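This report describes selected packing and pairing features of the structure shown below, beginning with a pair of helices.

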Amino acid sequence: MSVSKERALGSWARQVEGGLIAEPRDERELTEVIHVLADRGVALNKEITLSRARLTHLDPVAADSMTVAAGAGVVLNDLDAHLKPHGLTIGPLSPAAMSLRLGEFLEGPYAGLRSIPGGRLEPVCTSLTAITADGRRLETSRSPRSAAGPDLSALVLGAAGRIALVTRGVVRCVPFPERDVRVAYSFPSALAFVTALQRSIAEGFWPWRVHADSKSGRVIAEVRWAASVGSVERDRELLSRCVEEAGGRGAGEAEREGPMSVEHESTWDAVLASLEQGRALQLFRLSLTTVVARGDVEGVPLNEPTGWTSLGGRLLSLDSRGVFGGAP
Amino acid sequence: MTRLPNVSAASLPAPRAQVLEAKPELLAAVSGRASTDDLDRLSYARDLWPLALLWIRQGRIPPPPDAVVWPGSEDEVAQVIKLARRRKLAVIPYGSGSGVCGGTWAINGGVTMDLKRFDTIHEVDPVHRSVEVGAGVLGETLERRLNARGWTLGHFPSSIACSTVGGWLAARSAGQFSSKYGKIEDMVLSARVVLGTGEPLQTPERPFSGPDLMPLLVGSEGTLCAFTGAKLRVFPAPKGRVFHGFEFGSVVKGLEAIRLIFREGLRPAVVRLYDPFDTAFVGKGKATKKPSVPPSERSLLQTSALPAFLRQVTKRTLGRPTVMNKLQSAFSRSRLILMFEGDPARAEAEDRAATALCRQLGGDDLGEAPGRAWFKKRYDVSYRMSRLIESGTFADTMEIAAPWEKVHHVYERVHAAASQFAFVLCHFSHAYADGCSLYFSFVGSADTEEEMEERYQQLWRAALPAAISAGGNVSHHHGVGLLKAQALQDSLGEGRHALRSVKGVFDPDGVMNPGKLGL
């Protein structure tokens, strides 16, 4: 696209090295971007790059429901720092996830998911606002749970901005922990480690990070969790019992520095296989189905978009004007 | 027992000609298991939407389907949907008709597709803690099978005896223990569906790339697909269970206790806070049950004189709900029931922590009796509603959810809006760290059946908008159906176009359950 066209696009567009960039300041401008590009037959991220870095608005923290509405451009680490004076935190996301902007975290391979006590995965946002390819506003319910039809946030989460562009989300937070503990355990096998973790998670244990190192068939694991004083002690008692029942025991020290590889979303089967091959792993977002893992482990890489399922691919037809890239 | 007026199958409208023309193809598609008989059509004409009961009392019949089919394989489901697309017929997926919002009403006729023949329950996979089941499996059947093998699904809707796995998925069901185990969408790992295009497919299990389609299909109420099976997460059957009751000086105090319990990270399976009137009368349930006399053995006094007397009483009391509701201001105390289950030591530890919080907020410790009493009679409420309807009243429930900042405001607004049309009770349950569900019960009456229906409609026109404008949502777990279709469309705003676009992708000819969700 030529510079003369850039001027005709609007104040939100500017030329940078490598091409044009659209930097809307708010939802209204983002909607304008979509309409203008559609009218001109220009596809985002092909002829012009979209940045939502300026969508950094933060609403006041809702202390009772422990939520805060944040713009898509807010970096999660910055949001966490903002929450701390309010006695809140985003909770245990992986390090790579925390370096993302909210919009990237929601739309990218992390699909905006976090684990919660009980081993379930749920979107970190209770509600989303997005602009669809036809320039319309999509806002999902702010209530904690709904049975009012399909959950349309599925058009945003993990969809790489190909169906709708998120502008803001209402982020669920947790109390800033009173205590942060790391305890090391030794397990006779990788299977014993996986069994103990899965059982404790099913009963309500909520680990923030686990470093597991496998040597000569044994696994030494450092488990970190954080919560209120009472909660930490309840979790310590539960975890210790689950470890013992799996044949493990307390250990003195464990390696704290984990492998600095790309994060993957992996199954527990993949974790088990990796540890049985003598590898070291760092685990985050531990749920009963999958974990986010660093190390040599099979799974879906979370640092870049990969191919969609064929079912998901059908939704690309919702971008009928091709403004987000359109149907394949 | 009051006898409802006889509804004659002969008074049904005849099946539409286009369905009768398609009948040979329908029979071929489902190996002969198709019917256009009036009795079958009458049986599938309604679900448990109380409006249908009001109609039947007036001798009116909800719109029946033109045909009913009972497919037994995904291929047969696909054949029916493809036939429907060719012939422009509606297809209404049907579980066991326990919905309360008209989600299976055949408003434009068409073919009701009963999926109860998908009744397989596979063995539990103990390593991955999952079980594969057919969509037509009844909840109670599934839970008993799992219990016999040492597992639980953790899903206990009050309709568990008469609802199916497919129905749960279609309407985003929640069970009484949802605060620990989650709603059905938290339990489903993958699902087998036949889309409105006629294509059978299985949704992928995590991890995968791209958007997750499951949240679009779960809750679609048959408007996008028919569920034929699911892989569900299971938990070891609980070895320990701890009950605890508390009474607070006000609803506000009780709500604060629940909020702090979840803020502390505690996960009771059951959390139920009764509003003051419910606490004073309904919530004081005893564990003993009066034996029920079967209708066939009831005396003339029980079947005729007593109901006639009750109808007069209810007209004079519930027919003037404003006065009745004002009486509620004489009550203020609010009862909370908690139940923790799972690992016994963990359940005990969480109960101790919750007890400390409740005491800090001035809650009187009632011990375990109220919780145990509730547990024993936890499925009875639905059956009590039938008796209320029989006694000449109307009764319905409305379940919504709201963030903690809005919960009490929603409670007050709905109470005020509904009070002129019905007697109003409420309890708070299905709690989360960021909010909870409010479950309203409405009971009303009027001089004539026609006035009763009008009052019922006025009630909904007042109560649901009041809830939404105060910060609640459209539904927490009953779904939308026809009852809340307009409210859903209104609340979606411009988002309704996105919902319509999704419908266009998965059901391009619009044959799947027309009218539901406002689609």
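Helices (H or I, at least four residues) and strands (E, at least two) are DSSP runs, numbered from the N terminus.

In this packing, V251(B), V252(B), L255(B) and R259(B) of α10(B) meet W404(B), V407(B), H408(B) and Y411(B) of α17(B), contact requiring that C-beta atoms, placed from the backbone, lie within 7 Å.

## Basis of the model

This is a predicted model, in which local features need pLDDT of at least 70 and side-chain atom pairs count only at pLDDT 80 or more, whereas totals for chains, interfaces and linings use all residues. Residues are numbered from 1 along each chain as its sequence is written, while chains are lettered from A and ligands numbered from 1 in the order in which they are written.

## An antiparallel sheet

Four strands of chain B form an open sheet in the order β5-β9-β7-β8, with antiparallel pairing, two strands being paired if DSSP finds at least two bridges between them. The edge strands, β5 (130-134) and β8 (200-202) of chain B, each pair on one side only. Between β7 (188-195) and β9 (225-233) of chain B there are seven bridges, and V193(B) stands opposite F227(B) in β9(B).

## Contact between the chains

Chain B contributes 67 residues to the contact and chain A contributes 66 residues. On the side of chain B that touches chain A, α20(B) provides the largest share, seven residues.

Notes: Contact = placed C-beta atoms within 7 Å.
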